[in-house]
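Trainee: I'd like to learn how to read domain contacts and strands in a model. Can you walk me through it?

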Amino acid sequence: MNLTLKIWRQAGPDAKGELVTYQVQDISPDMSFLEMLDVLNERLNDEGREPIAFDSDCREGICGMCGLMISGEAHGPEKATTCQLHMRTFTDGDVITVEPWRADPFPVVRDLVVDRGAFDRIIQAGGFISVNTGAAPEAHSSLVPMEHAMRAFQAAECIGCGACVAACPNASAMLFLGAKVTHLGELPQGQPERWGRVVAMLNQHDLEGFGGCQNLGECSYACPKGIPQDVISTLNHDLRKAMAKGR
Amino acid sequence: MTDLIDGLYSLGDPIQDTKAPAGPIDKKWTQRKFEAKLVNPTNRRKLTVIIVGTGLAGASAGATLGEAGYRVKSFCFQDSPRRAHSIAAQGGINAAKNYKEDGDSTYRLFYDTVKGGDYRARETNVYRLAEVSASIIDQCVAQGVPFAREYGGLLDNRSFGGVQVSRTFYARGQTGQQLLIGAYQALERQIAAGTVEMFSRHEMLELVVVDGKARGIIARDLVTGEIQTHYADAVVLASGGYGNVFYLSTNAMGSNVTATWRAHRKGAYFGNPCYTQIHPTCIPVAGEHQSKLTLMSESLRNDGRIWVPKKVEDCEKNPNDIPEEDRDYYLERIYPAFGNLVPRDIASRQAKNVCDEGRGVGPVVGDKRRGVYLDFSEAFGRIGKEAVAAKYDNLFEMYKRITGDDPYEVPMRIYPAVHYTMGGLWVDYDLQSTIPGLFVTGEANFSDHGANRLGASALMQGLADGYFVLPNTIRDYLAAGPFPDIDESTPEVRQARQQVADRVHHFLTVQGTRSVDSYHKELGHIMWEHCGMERTAEGLRTGIDKIRELRADFWRNVRVLGENEQLNQSLEKAGRVADFLELGELICIDALHRRESCGGHFRAESQTEDGEALRHDDEYAYVAAWEFTGTGAEGQIGAPVLHKEDLVYEFIELKQRSYK
Ligand SMILES: Cc1cc2nc3c(=O)[nH]c(=O)nc-3n(C[C@H](O)[C@H](O)[C@H](O)COP(=O)(O)OP(=O)(O)OC[C@H]3O[C@@H](n4cnc5c(N)ncnc54)[C@H](O)[C@@H]3O)c2cc1C
Ligand code: FES
């Protein structure tokens with residue numbers, strides 16, 4: 001198939017960016033979206049034009065490295081990461097815009113690449129259980145009921161790609177935050193630090209410039225891992241409890 | 001008689017001592033931990049350790065050394081340490097907990113690993129791996145890793161990778177992700193505590209060796225292009241495997257050999273480079289545009305039956321129209337005892353054989369159809385579609401997304417793909433390379449899996465190395481530090497920086513005609529064709545000549561646009577491909593010199609009457625540790641020197657594997 005691509009090009013963090021139009025021909029429906037960009041990049045290189053910078057690593061939908069706004073949707077029209085999007089989703093003659101995640105806390109590095117370091121700093125603030133290597137008790141010393149294990153797992157599926165932020169009109173990272181708070185809060189090991197964790201992580205979230213949550217649900221809709229919106233309720237619940245405890 | 005290998009390498013002194021303490025195998029590790037010198041807590045703050053890599057092996061080591069109070073500098077080329085390739089592991093992690101009371105033990109895990117590795121692994125290291133495995137699970141559970149559980153709240157286990165006990169812990173199909181997030185969070189906690197300094201989007205491009213000791217690295221900031229020198233008292237490489245030398249593999253796009261290869265060039269021996277693992281259950285190549293291959297979990301072989309048509313003319317037919325009697329369930333036919341569950345190397349080679357006979361299915365890629373069916377219709381009948389869905393639905397969905405075919409309606413197509421590299425930098429019992437102060441952990445070292453790795457053992461090894469082994473052995477080395485200050489006026493530092501700068505300059509100014517990717521693809525073709533699932537002396541020799549030609553052309557004719565002072569992904573790739581082009585030759589030399597078949601290394605000249613791998617323990621029961629001899633000029637490697645480490649089996653008796 002033949003397609004028209006309008007791709008965001010920006011030379012560096014402080015440079016002015018713009019959408020540049022490219023035509024691509026003979027795209028196979030079996031290609032992934034990123035392989036289609038690979039093909040375009042090979043052509044640009046042959047023509048002496050600099051290839052388009054974009055992030056990807058595993059190309060299996062698990063590392064969270066890839067992430068593009070495709071015609072206004074985070075990761076495009078399918079419920080999957082950009083790397084798992086295949087060209088059979090599109091039809092001949094389509095015009096597709098490709099942009100980086102848009103959010104102040106995710107500044108553009110170049111073209112379609114952004115800096116998501118803010119997510120790491122939120123984890124640093126408290127997204128962990130404090131246990132030094134070697135200090136762990138025998139694994140079976142605490143049991144985890146099935147429903148808690150399942151919910152912890154579901155929340156732990158977050159891959160930190162940032163689609164939730166990109167999809168949210170307020171650039172809120174509450175889904176990311178809620179997922180971590182739920183993952184650790186559902187487990188017995190996560191209890192001792194539970195109330196301090198939620199406050200510290202939320203403070204960092206605000207400090208990074210992420211916006212507030214208005215319960216629009218765009219985040220959960222865009223999430224390639226289907227993290228449910230109710231992790232944000234868990235977050236709010238834990239927050240209220242933490243306040244009551246004077247944290 | 002002239003030999004194809006003549007002149008390609010020379011023989012050096014054997015390696016006599018691997019530094020494992022004497023005594024019974026189950027006491028060695030305790031003994032070593034006791035003998036290894038301690039570092040006083042106040043001195044730890046004065047000692048800097050660089051760790052390249054934040055996968056399971058690197059993040060676990062970084063967190064643990066940080067907790068102990070050392071100053072850690074941690075590096076990864078992705079935008080966050082959480083994205084290391086370990087994240088992609090699906091199946092599970094082994095540990096000898098014996099929670100199922102099914103006869104598992106440290107000794108059995110040790111035995112299975114040595115046997116699975118086709119008797120080409122070092123006993124002492126493997127025993128220790130089995131010994132610390134149980135503590136890994138304790139540590140991960142305490143960190144909040146959400147392993148699968150039973151209704152009673154206890155941890156669940158499954159059997160995996162052709163062993164007879166259930167010792168594999170798992171978190172659905174995302175075990176690697178959950179383990180890595182655990183290690184990543186522990187690492188982030190230390191970053192917050194100020195013991196670990198993180199350098200994301202940084203790539204190590206050179207090792208700094210001063211007075212014979214590893215003292216730092218040269219790294220490029222991938223965002224600004226700045227060439228930086230980082231100093232340390234010891235350097236740890238946890239940079240993963242080199243499967244991408246084949247271009248197409250199940251590895252991540254960025255997985256590379258640069259960190260270990262640059263260290264090899266500086267004197268670290270490379271162990272068993274030809275031992276590569278080809279995984280039988282991957283989604284076949286769809287066309288020339290393919291950028292990577294996707295693994296389908298091995299667990300599918302528990303219920304899926306593998307077949308191809310008996311007749312070549314049936315290969316284009318809809319599989320549902322091929323009657324039962326015209327299907328060849330070749331694994332069940334050849335290996336009645338293990339059937340579809342034979343080890344990875346065997347399943348892969350037999351798939352290649354039937355496709356070479358012209359009985360492959362799916363699209364023609366290159367000159368042949370390269371695919372076999374993995375069929376669940378028998379399981380649908382036996383346990384019902386719903387029960388199958390409960391086990392594998394996410395995999396079926398992934399398959400459908402990638403191929404457009406629905407495995408509930410038509411059988412899946414699978415084909416082997418490069419997956420894991422057992423070879424890597426040679427290390428002793430302390431995980432120290434032949435360069436003092438340079439330690440190597442995880443897939444980057446050669447250590448524990450011999451010629452073939454068992455499923456769920458790489459995650460175990462990465463975390464064993466990082467949480468429990470390295471932190472105990474590196475202190476013996478660090479106890480002699482801090483080492484004398486060095487700076488940019490130190491000749492070795494200046495020289496290393498210059499080498500990096502020259503290389504970058506060359507790539508950006510050669511202004512040739514071909515893209516980096518085109519070279520990488522061609523190298524991959526050569527490796528797969530001549531050093532893939534089946535290797536012959538002539539094929540390998542031809543492969544070496546082709547690689548040399550390609551490498552020379554690469555240095556003259558590659559085209560890398562843009563500048564150094566920017567995010568420049570072509571420039572990043574150019575450096576990686578340059579190193580793959582050197583490594584590829586060494587892999588072929590190693591494969592050519594080892595005139596036996598063992599594990600993932602199958603030499604057509606060395607097989608039993610019925611086509612199985614035939615080892616030659618009298619000649620080849622050794623680790624091949626290769627020393628670099630080039631002048632140091634880029635793109636040029638001399639004839640390497642082979643140092644043999646004899647494998648002495650004191651506790652396990654060598655046997656020929658049989659799965660019939
Ligand atoms: C699809 C797939 C499924 C798998 N499933 C399983 C399984 O179920 N069970 C199992 O046991 N094993 C499995 N494996 C194997 C296992 O995942 C790997 O062997 C293991 O995770 C490697 O861990 P590592 O820490 O050694 O390296 P990696 O996780 O590869 O990490 C390498 C790190 O080094 C960094 N790095 C590399 N080079 C440089 C450089 N030059 N400069 C700076 N940083 C650098 C990278 O940024 C990264 O952080 C699987 C592998 C694949 C590909
Ligand atoms: S590249 Fe890893 S999730 Fe897309």
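Predicted model: local features only at pLDDT ≥ 70, side-chain atom pairs only at ≥ 80, totals over all residues.

Mentor: Residues are numbered from 1 along each chain as its sequence is written, chains are lettered from A and ligands numbered from 1 in the order in which they are written, and side-chain values use heavy atoms, leaving out hydrogens and water.

Trainee: Into which domains is chain A divided?

Mentor: Domain bounds come from an automatic or database domain assignment. Here, chain A splits into domain 1 (3-110) and domain 2 (116-130 + 142-244).

Trainee: How much area do domain 1 of chain A and domain 2 of chain A bury between them?

Mentor: Buried area is the accessible area (1.4 Å probe) that two parts lose on being put together, summed over both. For this pair, domain 1 of chain A and domain 2 of chain A, that's about 1,400 Å², with 62% of it on carbon and sulfur atoms. On the domain 1 side of chain A, Lys79(A), Pro105(A) and Phe106(A) lose the most area to domain 2 of chain A, together 39% of what that side buries.

Trainee: And which residue forms a salt bridge with Asp55(A)?

Mentor: A salt bridge puts a side-chain nitrogen of Lys or Arg within 4 Å of a carboxyl oxygen of Asp or Glu. Asp55(A) has Arg116(A) as its partner, the closest N and O atoms being 4.0 Å apart.

Trainee: Which strand is joined to strand 12 of chain B?

Mentor: Strands are DSSP runs (E, at least two residues), numbered from the N terminus, and two pair if DSSP finds at least two bridges between them. Five bridges join strand 12 of chain B to strand 18 (residues 412-421) of chain B, and the two run antiparallel. One partner pair is Gln277(B) with Tyr420(B) in strand 18 of chain B.

Technical notes: Helix = DSSP H or I, 4+ residues; strand = E, 2+ residues; numbered from the N terminus.
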